[in-house]
Amino acid sequence: MTQLLILSQPQRAKLSDAISRALSFLKMKEPLTAVEWADKYFYLSAESSYIKGKWTTRPYQVAILNAMGHPDIEEVNWEKSARVGYTKLIVAVIGYFIEHKSRNIALWQPDDGARDSFSKKHIDSMIRDVKPVRSIFPWFNSKHKNNTIASKVFETQNQIYLLGGKAAKNYREISVDVGIYDELSKFDNDVEKEGSPLSLGDKRLEGSVFRKSIRGSTPSEHLSDEVPCLIHEAASKAAHYMHRYVPCPHCQTFQVLAWGGRAKEFGIIFDNDGSVEKQAASARYRCSSCKQDFHYKDYITADELGFWASEEGLKTYDGIVYFDDNGEVVPAPRSISFHCWSVYSHDSPWSQIVRDWVRYHGTREGLKSFTNTTLGEVWVEDQGGLSPDNLFRRRENYAAQVPFDQCIITQAVDTQDDRLEIETVAWIDGEERYSIKYQKIYGDPTQPQVWKLLHKALTEQFKTPNGSVIEPSIAFIDSGGHHTDKVYAFCKRYGPRRFVAIKGASVKGRPIVTFPKKRNEHGVYLAMIGTDTAKNTLYSRLIDTLENNSLHAPGIFHWPIGDEYSLEFFEHLTNERRKLKYVKGRPEIVWDAGKRRNEPWDLAVYNLAAIRRLQSRGLDLSQYKNTQRIDSDNEPDDE
């Protein structure tokens, strides 16, 4: 006997509503891009916006937001300044992925406090005010396991995890389609010694068919290759690094907008007298082509015609369709980066940029803040702290030519068009180094007499405190200039293992010296020098030399008192500095002498490479201990 289930009117209404809601999830949605969805549904909430109301994507934001939502782009990096709308874009794309794409999301903040604030201020208000998202989250404003600060579960069974980035456990035991890193540069570079946040977080995407990693941040300080700015590091590795081009209202030349200042020929310029407000009010842009000025309101109109492009020739107007140099449509890249700074903002006028500069550029901290938060560029500490005068005052009186009876001597040769420069260095335990002699051989390197004098210099013997002599063990000779053949001939004639031809290779992470197994076609061993790695090492050691109160410590420099180690020598030693440059459109941290003389710095690199070569062949520097005693006046005792 079959019994009929009889429902009350309220029960029938509730069941009907549940069935309708379930069927609505199966209904085919109109396909929308991330920008189309945001412009149709997204809302600026009062808690998280200066002005509440309906969202409209700004022209410069269109390609970035669409790239975040693009199904074929797996990795999006945004190296940015303040005031360009990054937080709004990631909140909008979260709503898009949850409601329109049914994706699972993990969003990491630098720490739990930032996570809590973001969850309450941005995610809760987005769920409340964006109607399609609110419609699939019936637990809003109620205490429910599906509505916590750390997790939101929707009726579609899609979930967003909101996590702090400091704990390694927050990168475990979740599987998601989309990983978002907010303010990446503020994360720890190594999360509880388990790896970088990007490597840990992106692991959670590996099983997804629709994997997407979105990284964005205002840059911070790039301390070294070992401690980089995370957003700068991630952005520079993408297949394409995109810049925004807008046309000049006068000549229609498309250009990347740049900071100019008071003395530049183009970029944001301003009058340099009067009050802060008067200078700020004079802000305008000078075109790099026609040199005519235009104003912020002109830019707002011109931005409608702008596009994004990379040095490799990729171009897009909307972040959906991409073109090559010939205007042909090409597939979207797997990874892409965008650089955008305050000049492109539609919500902060150029007067604010000038106001920031006038107020804050006079101090290191102010300039750092302007570089990071206004220009959207990584801060690179240069060698400003390496005072030539302070290094000059570190010179010492040696007890003999070589201050130790037992040490290893290396030599380095820099080849110029009118001279050869040579530095001889003694090494002891810990790669503590003592400069012995600095000399120059003037003459045309195409003439044999110059090379005869070089051979004499490189075979000189040096006296020790006990009266004995020590011969140099190896000499590294620069072959990268105009006299490569002469260097090869010299090394081959006198012994290519004792006199080694070298060539610099400024490649990030390359070993300080790479020695070939075989001779090249010229009959010599051409050693490659990882100049970037060597310079980072030497820079740290020069800092240690100045900061170390002890006269002896591993790695520090020593110089003798003598005419060849003049103040000019130390000026040339410190002329090369780390700087941020755009190389083929990509931001790179490079060593740059700015066309200033820097031969002592190059010779320091070559000598470090030389001692590393000897150690790779079995030299044990720990056998050569520091036996010299130096009194408080920086002069050796008679003992």
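The following dialogue goes through some features of a predicted model.

Student: How many helices and strands does the protein have?

Tutor: Keep in mind that this is a predicted model. The protein has 18 helices and 30 strands. Its C-alpha atoms fill a box of roughly 115 × 70 × 55 Å along the principal axes. Of the 639 residues, 53% are buried. Among contacts with a separation of 6 or more, 67% are between residues 24 or more positions apart.

Student: Which residues have the most contacts inside the largest nonpolar core?

Tutor: The general idea comes before the case. In soluble globular proteins, nonpolar side chains tend to be buried together. Here the largest nonpolar core has 77 residues, and Met68, Ile180, Phe338 and Trp350 have the most contacts inside it. Helix H4, residues 86–100, gives this core its largest share, 10 residues. A second, separate core has 52 residues, including Tyr434, Phe462, Ala534 and Phe557.

Student: Which residues is Ile180 in contact with, leaving aside its neighbours within four places in sequence?

Tutor: Among them are Tyr86, Ile90, Val93 and Ile94. The list also includes Ile105, Ala106, Leu107, Trp108 and Ile214.

Student: How do I read a helix? Which residues of helix H15 are buried?

Tutor: An α-helix has 3.6 residues a turn, so residues three or four places apart point the same way. Helix H15 spans residues 484–494, and its buried residues are Val487, Tyr488, Phe490 and Cys491. Seen down the axis of H15, these fall within an arc of 165°, so they line one face of the helix. The face turned away from the buried side of H15 carries the exposed residues Asp485 and Arg493.

Student: Which residues are buried in helix H2?

Tutor: In H2, residues 34–41, they are Ala34, Val35, Trp37 and Ala38. The arc they cover around the axis is only 160°, which puts them on the same side of H2. The cover over the buried residues of H2 includes helix H3 (59–69), H4 and H6.

Student: Which residues do ring pairs link into a cluster?

Tutor: The cluster consists of Phe392, Tyr438, Phe557, Trp559, Tyr565, Phe569 and Phe570. Phe557 is also one of the residues in the second core.

Student: Where does the charged end of Lys315 sit?

Tutor: It sits over the ring of Phe307, 4.2 Å from the ring centre. In another case, the charged end of Arg613 sits over the ring of Phe515, 3.6 Å from its centre.

Student: Is Arg433 buried or exposed?

Tutor: The cut-off for buried is under 20% relative accessible area. Arg433 has 1% relative accessibility, so Arg433 counts as buried. This residue lies in strand S21, residues 432–442. The side chain of Arg433 makes a polar contact of 2.7 Å with the side chain of Ser435. Beyond four places in sequence, Arg433 touches residues including Glu423, Trp427, Phe557 and Ala604.

Student: Where is Ser135 found?

Tutor: Ser135 is in the loop between helix H6 (131–134) and strand S5 (151–153). With a relative accessible area of 40%, Ser135 is partly exposed. Ser135 and Glu155 are 20 residues apart along the chain, and their C-alpha atoms are separated by 8.9 Å.

Conventions:
Residues numbered from 1 in each chain as written. Predicted model: local features only at pLDDT ≥ 70, side-chain atom pairs only at ≥ 80, totals over all residues. Heavy atoms only, no water. Helix = DSSP H or I, 4+ residues; strand = E, 2+ residues; numbered from the N terminus. Buried < 20%, exposed > 50% of the residue type's maximum accessible area, 1.4 Å probe, protein only. Polar contact = N/O pair within 3.5 Å; in protein donor to acceptor, adjacent residues only side chain to side chain. Contact = heavy atoms within 4.5 Å. Core = buried A, V, L, I, M, F, W, Y, C linked by side-chain atoms within 4.5 Å. Arc of directions from axis to C-beta. Phe/Tyr/Trp six-rings, centres within 6.5 Å; stacked < 30°, edge-to-face > 60°. Lys NZ or Arg CZ within 6 Å of the ring centre and 35° of its normal.
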